[in-house]
Amino acid sequence: MNTAYPVPIDVPKSTIRNTASLLRIVALSLISGAAIASRLFAVINFESIIHEFDPWFNYRATRILAAKGFYEFWNWFDPTAWYPLGRVVGGTVYPGLMATSGVIYNVLHALNMPVDIRNICVLLAPGFSAFTAWATYMFTKEMKDESAGLLAAALIGIAPGYISRSVAGSYDNEAIAIFLLMFTFYCWIKALKQGSALFGTIAAVFYFYMVAAWGGYVFITNMIPLHALVLMLMNRFSNRLYVAYCSWYAIGTLASMQVPFVGFQPVSTSEHMGALGVFGLLQIIAFIRLVRSHVSAKQFDQLLSGVGVLIGILGALAFAFLTYKGKIAPWTGRFYSLWDTAYAKKHIPIIASVSEHQPTAWPSFFMDLQFLIFAFPAGVILCFKELRDEHLFVIIYAIMASYFAGVMVRLMLTLTPVVCVASAVALSSLLDTYIDPTEPRPEVEDRTDAVSEAGSVATNGSSTPHPNGQSKKAKKAAAAAPQTPKGALGDFIAATTPTPKGTAPRQKGIFGIDARLVVIINVLSMLFFFVFHCTWVTSNAYSSPSVVLASQNPDGSQHIIDDFREAYYWLRMNTPKDAVVMSWWDYGYQIAGMADRPTLVDNNTWNNTHIATVGRAMASSEENAYPILRKHDVDYVLVIFGGLIGYSGDDINKFLWMVRIAQGVWPDEIQESNYFTPQGEYRIDDRASPIMKNSLMYKMSYYRFNELFGGGQGQDRVRQQPVPKVGPTLDYIEEAFTSENWIVRIFQVKKEDPLGRDHKSANAFAQGKKRKHSKPAPRRRALVA
């Protein structure tokens, strides 16, 4: 065990090892506690509640599992989703998250601890963050040492890039996925370093767990094969690599196919063909090595040139034939959207409409990683210094994750672990250097020793001393040696270049304690500000549930805006249980989870045509939208409007995406350009286009809005535009509920008129307005021949 300062000689080594292990356990325990505590701001500031949108479906499914058992959950058909189609939940969901909560729920109840399933779901992500810190410690320890592992665990425990998806109440698949990602990578590195089929099997088991928990398992499916391929290209094939990869791939692939939602995708889709190809390439290389050990060199060269070309041609033809016949599915649109940021907007607008699928802005990197974005490249460069197999994995991981994080905001989550690992390696190396008390010998002493040695050699008569104090051999060797640049670049090259064998190691160290203190204090200061930044970001930006909003009163006290739950409670208590609610797909899971009412669309987004139908109804006029609503048995329409209090995430801001998605299915009826002014502006005031002001979405949002301003002209605080003085009127639907702050508005769809009139005429008659009859066209008399 390496120590910066010497330990007493009379202390046994076992005592030192045990003390160090105890300190590491205490440190990991404190790091785990900090990771859990930093994710509880949402519970402290608000309450124990499920956040966002997708977690509400996960929570609803987990309640079914806990109440009725896994078999009922596996065969659950939900008739209230995607009305009237329904949804086979067991075959269209990753069940790992729900199964994890169900196991914890049953274990606690078996121990006579009656914990509510909601609290388990709320606190699952903070609990697994402690496991993630431990897995990151184990992974980083394989890269460098225990000190770097502890630092990496501390960094990922509080890094905002990971906390953003793992706060209390964020009951989504990522809550457990990052732990599974890091532990699978750790087991892969252990299997590769030891050539262990045991660790390869453990990696396969946790890979199966990952497949059951999150669709991002494809990242592991391609990262490990890419690492193995690069090792083979660098001529680093070994039996260790063969055993590790084959045990992981064979067991992991068979296990992953047991998840119904995945099925035969590992052997039938293009996203998985890379892993299969590397597996086949390993078999070929292993076979070639076996043949080489049994035949002569000449026979081997002839055999390799013929068989190698034949196998390559046959493999390419087989892949092309299977793809042509449809046995291997082509690349999906989601795959292309990772490589072309404009692809989704052009071809799959429903993917581009999701905010977390947008390209990442530069401030987001600093928001989620702070100063780690500067330490991260230094850690990657240090991996090049030794470039062992595990270091190569970190380099590949860093390159791939950095690219994908720039393409999509959501994938910042996969970048954060490797940033913490590489930054910990860099900072740990820096601290190891400056904490080490040993100092290099001054250069003057080295020269004095060299001169004395030269003089002694001359006295013995073995060589003639040179006038400058150097022998001719030494001068020639110095001239032949490569010249190192001077300055900082030269120092860096000298520090990172390995010492040739047979030569004395270079003198390394820092002169004086003042230089050490300056660097150490600066590093500790950066780490302190990192903790401060993480705490502030977590408490202010990532701990606010979307269903409960908060603002500040003039006196600084907190004001809670609870419009969403108010509206969902009204739906639950004042509408029939089979009343169908139409809203944009963002709110489908919340309506089903809190209001328990059937919805047309939800966040699963599996049926683009159904979602486009909702967009078409919202973008059409009231007269044209009414037949669509009646055809789908819609009883209530729910819209989100933030114009009164300045809530920018409302449906008017999302309206153009509804138009684009509907235009993709009905391009002749819905055109995006019709909702802009002739100058190309998206407006809601008097200058708004007639089609925009006549759309169902516009009418529902601004109906009776001017009444809040005493009948005068209202002001939209989100768009910063005045609303027309004459507001819209409704004929085919009527207002049923508006929340306190006008964020949620619910409208009831009228039934057909009992006299067979259209609702516009019926309303005009009820208001005492006569319908204007046009003069009938004169009838033409038939000509008699």
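Biologist: Which residues of α12 are buried?
Modeller: This is a predicted model, where local features need pLDDT of at least 70, side-chain atom pairs count only at pLDDT 80 or more, and totals for chains, interfaces and linings use all residues. Numbering runs from 1 along each chain as its sequence is written, and side-chain values use heavy atoms, without hydrogens and water. Helices are DSSP runs (H or I, at least four residues; strands are E, at least two), numbered from the N terminus. With buried as under 20% relative accessible area (exposed over 50%, partly exposed in between; 1.4 Å probe, protein chains only), the buried residues of α12 are L241, A244, Y245, C246, S247, W248, Y249, G252, T253, A255 and S256.

Biologist: What is the distance between the end C-alpha atoms of α12?
Modeller: Helix α12 (residues 239-256) has 18 residues. Expected span is 1.5 Å times one less than the residue number.

Biologist: How are α9 and α10 oriented, roughly parallel or roughly antiparallel?
Modeller: Their axes (lines fitted to C-alpha atoms over the stretch in contact, angles from 0 to 180 degrees between N-to-C directions) come within 8 Å and cross at roughly 160 degrees. Under 35 degrees counts as roughly parallel, over 145 as roughly antiparallel, 65 to 115 as roughly perpendicular and the rest as oblique. Therefore α9 and α10 are roughly antiparallel.
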